[in-house]
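Dear colleague,

Please find below the structure that I am handing over to you. My notes on what was found in it follow directly after.

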Amino acid sequence: MASSSIFNPPSSTTALLLRTRRPIHVGPTSLRFSTIHSAPPSSRLVSIAASATEASVAKVIDGKLVAKQIRDEIAAEVSRMREAVGVIPGLAVILVGDRKDSATYVRNKKKACESVGINSLEVNLPADSTEEEVLNYISGYNDDPSVHGILVQLPLPSHMDEQNVLNAVGIEKDVDGFHPLNIGRLAMRGREPLFVPCTPKGCIELLHRYGISIKGKRAVVIGRSNIVGMPAALLLQREDATVSVVHSRTSNPEEITRQADIIIAAVGQPNMVRGSWIKPGAVIIDVGINPVDDPSSSRGYRLVGDVCYEEAIKVASAITPVPGGVGPMTIAMLLQNTLSSAKRINSFQ
Ligand SMILES: Nc1nc(=O)c2c([nH]1)NC[C@@H]1CN(c3ccc(C(=O)N[C@@H](CCC(=O)O)C(=O)O)cc3)C=[N+]21
């Protein structure tokens, strides 16, 4: 098989390869050259020499396409369960306030639910609601057998104690994976969380589905948030990577990042990771979704990642775009968590 197939995009012809999720072991060196040059070993030396002068371009990891594939798989499972036991998975989303970005995300989640046959319930509370009102809704959904997943859209208004609210979500319906018990289990060897947070789970799923092996690799996570950076580092470690976390107090972020075979960037700083930060052949998962002014766009802004895409694409072997990378995967993982919750609650395999 040509070595370039390792990074074949998930088209229908490669769907089988992708679905098997068999780890394909590719060292950083072979990653570096095999993706760009599919030449046989005898001419590899020539390829290496050429790569120093020729511009090479990273494979684009198509999160939108993979997310669509996953939604199709979920839709099939949802109807199988409905036909077998008459249960339809239900997701309750609690949105407090009227932040425009949050409203957009919630709308997208609802659309995604509809597209796979998951029921979505939504409550939009005013920004000046009390924490107690939010807790009351959570408790109602905890007791509601038609609800299998509860998501409290973040950020909450500043007068609420976010952790207190997240703690109230029943652990068996915590499809965001933000409950301290789920996070705690994620951090422990030999334990399994009921749910893994959607964004980091989507990052790992992209690596798996593109046949990029993690075991033994050097991974650098940039950012240490509770919802992305920290769980991403834990997940990579569970996948046997050697993990470093770079954050705002790291004295030499560029130097550390340049050691990485796999970079997960989740800081919310537009274009922070430059080409010079990237080891040639590294794989980049860009979680950042940052609006920057763009008068030429109809919205007046466009979205860019935490990684300078134009520079990175010339150095990396594979990279996720923004938009169309991790974002759609986050929502696909939420649907997957909701389905698996409904299956667990109903003892349906
Ligand atoms: N409890 C909670 N759980 C979350 O999972 C959660 C949250 N709160 N608060 C906000 C963040 C952000 N988030 C995104 C999901 C999808 C896209 C997404 O699909 N983005 C598209 C672009 C969308 C556009 O064009 O505007 C893309 O990257 O291609 C982005 C961001 C989930 N979050």
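**Helix packing**

α5 (100-116) passes α13 (326-345) in a right-handed crossing. A crossing is called right-handed if the near helix is turned clockwise from the far one by less than a right angle, and left-handed if it is turned anticlockwise. Please note that this is a predicted model, in which local features need pLDDT of at least 70 and side-chain atom pairs count only at pLDDT 80 or more, while totals for chains, interfaces and linings use all residues. Residues are numbered from 1 along each chain as its sequence is written. The helices (H or I, at least four residues) and strands (E, at least two) are DSSP runs, numbered from the N terminus.

Two packed helices are described by the angle between their axes and the distance between the axes. The axes are lines fitted to C-alpha atoms, for helices over the stretch in contact, and the angles run from 0 to 180 degrees between N-to-C directions. For α5 and α13, the angle is about 55 degrees and the axes are 10 Å apart. α5 is therefore oblique to α13. Angles under 35 degrees count as roughly parallel, over 145 as roughly antiparallel, 65 to 115 as roughly perpendicular, and the rest as oblique.

Helix α4 (residues 63-85) also packs with α13, at an angle of about 15 degrees and with the axes 8 Å apart. These two helices, α4 and α13, are therefore roughly parallel to each other. Their crossing is left-handed.

**The shell around the ligand**

Which residues come nearest to the ligand? Of the 17 residues around it, these are Leu154, Pro323, Gly324, Gly327 and Thr330. A residue is near a molecule or strand if its C-beta atom, placed from the backbone, lies within 6 Å of it.

α5, β4 (149-152) and α13 each supply at least two residues. The shell also draws at least three residues from each of domain 1 (85-190) and domain 2 (197-327); these domain bounds come from an automatic or database domain assignment.

By residue type, the shell divides into 11 nonpolar, 5 polar and 1 charged. Here Ala, Val, Leu, Ile, Met, Phe, Trp, Tyr, Cys and Pro count as nonpolar, Asp, Glu, Lys and Arg as charged, and the others, Gly among them, as polar.

**Backbone details**

One joins Leu154 and Pro155, with omega about 0 degrees; Pro155 is found in the loop between β4 and α7 (162-168). Another runs from Val322 to Pro323, with omega near -5 degrees, and Pro323 has its place in the loop between β11 (318-319) and α13.

Asn271 is not a glycine, yet its phi is positive, near 55 degrees. Asn271 sits in the loop between β7 (262-265) and β8 (283-286). Ser347, which is also not a glycine, has a positive phi of about 45 degrees and lies in the segment after α13.

**Buried and exposed residues**

A residue is buried if 20 or more other C-beta atoms lie within 10 Å of its own, exposed if 12 or fewer, and partly exposed in between, with C-beta atoms placed from the backbone.

Is Pro200 buried or exposed? Pro200 has 29 other C-beta atoms within 10 Å, so it is buried. Pro200 lies in helix α9 (residues 198-209). Along the sequence, Pro200 and Arg249 are 49 residues apart, and their C-alpha atoms are 22 Å apart in space.

Asn271 has 17 other C-beta atoms within 10 Å and is therefore partly exposed. Gln269, which is found in the loop between β7 and β8, is partly exposed because it has 15 such atoms within 10 Å. The C-alpha atoms of Gln269 and Gly305 are separated by 7.6 Å, although the two residues are 36 residues apart along the chain.

Ser347 is exposed, since 7 other C-beta atoms lie within 10 Å. Ser251 counts as exposed because it has 6 C-beta neighbours inside 10 Å. Ser251 is found in the loop between β6 (242-246) and α11 (253-257). Ser251 and Lys201 are 50 residues apart along the chain, with 28 Å between their C-alpha atoms.

Yours sincerely
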